[in-house]
Amino acid sequence: MIMKYLDPKADLTFKKIFGNHPKRLISLLNALLPLSEEEQIHEIKYLPTELVPQLEGGKNTIVDVLCTDVRGRKFCVEMQMEWSDAFQQRVLFNASKLYVSQAKKGGKYSELQPVYSLNLINDIFAHDTPDFIHNYRIVHDKDSNKVIEGLHFTFIELPKFTPHSIADKRMMVLWLRFLTEINSNTKEIPSDLLNDPEIGKAVEELEISGFTDAELRAYDKFWDSVSVERTLIDDSYQKGMEKGRAEGIEEGMNQRSLEIGRKMLANGMDEASVMDMTGLTAEEIKLLKAEM
């Protein structure tokens, strides 16, 4: 079977679709974020995706897509294939860094604008609820109407999504269908996806004929690394359960990170990205490269 389309959830395709198309990204953000009519986004400017710390020696991180709108609000978008507690902490770290980075010497705290973090997860992490959209804000522990504005987090579990789950939000349904229904086995694209101007253009960019041989090799390597990571996650948790001790789980998870890091380096991924995605230290990366 010859592939006609690539999966939009891969790192290469996701960044190609949303990383340089303002109208398309605006459509996605307005559809998936819990924004009121007055809060809708109308114009954006892309920002560098590498978040550099203000203080020397701080941790650099890289996100998939980052932009700001005319009000100064920041929007960070991440596509994540596997859920982990480390990813959740990285999301909090990145959003906090974006919020703090607005502070200028002599500026007023009241001038700080909200940061919205949109995280699309191709995995299930909330097993105790059928809800697949999880919105978080800083709220009072006894009165959720009392809110400290500034940080907004949205996590979407893509495997839980079904079109009939949200019949009243057309664009949300269309974008989530785009992300969940199209893959390397797709031959025909539903007309309602093609009829939307931005989604229709995004579909065109997924056609395999538009990718170079080098890009296709990178695409295949991405899915290889995802497969390896899933296997190592399963193995590490199994080892931890067999040992029956917290340190066993921790040891297994550290081994998983090392194995994933070794695979990523072998596939040509840069050190900063490997550190960001695995949580490994610079010294651990150095040791891995010495072994190769």
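The stops below lead from the whole chain to a sheet, its strands, its cysteines and a pocket.

**Before starting**

This is a predicted model, in which local features need pLDDT of at least 70 and side-chain atom pairs count only at pLDDT 80 or more, while totals for chains, interfaces and linings use all residues. Residues are numbered from 1 along each chain as its sequence is written, and side-chain values use heavy atoms, with hydrogens and water left out.

**The whole protein**

Display everything as a cartoon. The protein has 10 helices and eight strands; helices (H or I, at least four residues) and strands (E, at least two) are DSSP runs, numbered from the N terminus. Of the 292 residues in the protein, 44% are buried, where buried means under 20% relative accessible area, exposed over 50% and partly exposed in between, with a 1.4 Å probe and protein chains only. Contact means heavy atoms within 4.5 Å. Among contacts with a separation of 6 or more, 62% are between residues 24 or more positions apart.

**Strands 4 and 5**

Select residues 65–69, which form strand 4; four bridges join strand 4 to strand 5, and the two run antiparallel. These strands form a hairpin with four residues between them, and Gly 72 in the turn has a positive phi of about 95°. Along the pairing, Thr 68 stands opposite Lys 74, and Cys 67 has Phe 75 as its bridge partner.

How many residues of strand 5 are buried? Seven of its seven are, and strand 5 is mostly covered. In a regular strand the side chains alternate between the two faces of the sheet. Here Lys 74, Cys 76, Glu 78 and Gln 80 point one way, Phe 75, Val 77 and Met 79 point the other way, and all are buried.

**Strand 6**

Move on to residues 115–121. Strand 6 is mostly covered, with seven of its seven residues buried. One side carries Val 115, Ser 117, Asn 119 and Ile 121, the other carries Tyr 116, Leu 118 and Leu 120, and both faces are covered.

Strand 5 (residues 74–80) pairs with strand 6 in the parallel sense over seven bridges. Phe 75 is the bridge partner of Tyr 116, and Val 77 that of Leu 118. Strand 8 (residues 147–157) also runs parallel to strand 6, joined by seven bridges, with Phe 155 opposite Asn 119.

**Leu 118**

Leu 118 counts as buried because its relative accessibility is 1%. Leaving aside neighbours within four places in sequence, Leu 118 is in contact with Leu 28, Leu 29, Leu 32, Leu 33, Cys 76, Val 77, Glu 78, Thr 154 and Ile 156. Between the C-alpha atoms of Leu 118 and Ile 156, 38 residues apart along the chain, the separation is 8.1 Å.

**The cysteines**

How many disulfides does a search of the whole structure find? It finds zero disulfides, a disulfide being a pair of cysteine sulfur atoms within 2.5 Å. The cysteine sulfur nearest to that of Cys 67 belongs to Cys 76, 9.2 Å away. Cys 67 counts as buried at 0% relative accessibility, and Cys 76 counts as buried at 5%.

Finally, select Leu 51, Val 52, Lys 97, Leu 98 and Ser 101, which are the closest to the centre of the second largest pocket among the 13 residues that line it. The space in this second largest pocket is about 220 Å³. Those 13 lining residues include Leu 51 and Lys 97, and strand 2 (50–51) and helix 3 each supply at least two residues of the lining. On a 1 Å grid over the protein atoms alone, a pocket is an open set of points where a 1.4 Å probe fits, with protein on both sides within 12 Å along at least five of seven lines, and lining residues have an atom within 4 Å of a point. Grid points are joined across faces, edges and corners, and a volume is the space filled by probe spheres set on the points.

Notes: Pairing = 2+ DSSP bridges.
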